[in-house]
Amino acid sequence: MTTSHAARISRNEFLSRQERFRSVPSTNDIVRTWMTDGTPEVCLAVADEQTAGRGRSGRSWVAPSGSALLLSLGFEPTYAEPDRLWRLAAIVALAMADAGEEVAGLPDGMLALKWPNDIVVAAKDAPAGIRKVAGVLGESEGAGTPSVKAVIGIGVNADWPRDRFPAELVDVMTSLREASRGRPIDSEALLDAFLLRLEPRLVALREGHFDVASWHDRQITTGRHVSIDMPDGSTLAARAAGVDGATGALIVEDAAGERELLVGEVSRVRLASTLEAAEPGAAGGDAGRRGVTH
Ligand code: BTN
């Protein structure tokens, strides 16, 4: 059953509407419905639990009740050109990386971005040398029209102890709690810290500014060999040369030269060592967890 606590989440005045739910199918769907019904930007839905959480490329997103910060924000980005809408997801990821480091007491820069918007930490014991802390799902409609709408959802593994990680994800995921060696993570404090950091980034975006430097600096993908799953089922092996702050693209190079891949053109990026771990018979890795992401 969908239950609204109707609780006030914070005093952030840039929010037009904010609600917390105990359990919903997907916070992205809640916000999309609100916007269809005329709720202006910026609206925020937060849930303790999702029964049909969605990840990128049609995958599902799972988290036990209370273990993750699950939220979606609704924007009316008439201030962004259609080819700059990706920046909304980027500012959400950047604001959450900043907030996560503060609330978990992590050193600056410990939370990295794996293109496009995964928040990860370096982990020597993990197959690809990283573990995922958070994922971002952006969905938009009406791009290029005055009624453009974008819903950006983020799921952050917050106060989630390792002994409760699902077996199929234990090799590739972590949480802020584990990254901080067991420090309890207060999701409300994380939400407040996030909103505090999001607002100035959004104000800047409305004025045409995007913090390209921070976005570049947090990229863990840059300089790494990657395997890229394409929507047609093919795989591209290449070196990630960087990211393009204008288009949001991943810049890759292989024997054919250098080219840019836009977010919508890619299903999944894996850092190279994931490939070895994902060989048939290997434990963990993405190959063993089709359809579920973290
Ligand atoms: C990914 O890494 O694949 C993106 C995951 C996005 C999950 C969040 S949780 C809140 C919001 N509601 C959803 O159904 N998905 C996003």
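Helices (H or I, at least four residues) and strands (E, at least two) are DSSP runs, numbered from the N terminus. The model is predicted: local features need pLDDT of at least 70, side-chain atom pairs count only at pLDDT 80 or more, and totals for chains, interfaces and linings use all residues. Residues are numbered from 1 along each chain as its sequence is written, and side-chain values use heavy atoms, with hydrogens and water left out.

**Exercise 1. Helix α4**

Task: check the length of α4 and describe its two ends.

Solution. 
- Step 1. The expected span is 1.5 Å times one less than the number of residues. For the 20 residues of α4 (residues 187-206) this gives 28 Å, and the end C-alpha atoms are 28 Å apart, so the two agree.
- Step 2. At the start of α4, a side-chain oxygen of Asp-186 comes to within 2.9 Å of the backbone nitrogen of Glu-188.
- Step 3. After α4 comes Gly-208, with a positive phi near 90°.
- Step 4. Buried residues of α4 include Leu-191, Phe-194, Leu-195, Leu-198 and Leu-202. An α-helix has 3.6 residues a turn, so residues three or four places apart point the same way.

**Exercise 2. Strand β4**

Solution. 
- Step 1. Two strands pair if DSSP finds at least two bridges between them. Strand β2 (residues 43-50) is antiparallel to β4, with five bridges; β8 is antiparallel to β4 as well, with eight bridges.
- Step 2. Leu-71 of β4 stands opposite Val-46, and its bridge partner in β8 is Ile-154.
- Step 3. In a regular strand the side chains alternate between the two faces of the sheet. Ala-68, Leu-70, Ser-72 and Gly-74 are buried on one side of β4, and Leu-69, Leu-71, Leu-73 and Phe-75 on the other.
- Step 4. Eight of the eight residues of β4 are buried, so the strand is largely enclosed by the rest of the structure.

**Exercise 3. The ligand shell**

Task: how many residues surround the ligand, and which polar side-chain atoms lie by its oxygen and nitrogen atoms?

Solution. 
- Step 1. The ligand is surrounded by 21 residues, counted if a heavy atom lies within 4 Å of the ligand. The closest are Ser-26, Gln-50, Arg-54, Arg-56 and Lys-132.
- Step 2. A polar side-chain atom of Ser-26 is 2.7 Å from a ligand oxygen. An N or O atom in the side chain of Gln-50 is 2.8 Å from a ligand nitrogen.
- Step 3. Taken alone the ligand exposes 420 Å², of which the protein buries 99% (Shrake-Rupley method, 1.4 Å probe).
- Step 4. β7 gives the most to the shell, with four residues.

Note on methods. Buried < 20%, exposed > 50% of the residue type's maximum accessible area, 1.4 Å probe, protein only. Polar contact = N/O pair within 3.5 Å; in protein donor to acceptor, adjacent residues only side chain to side chain.
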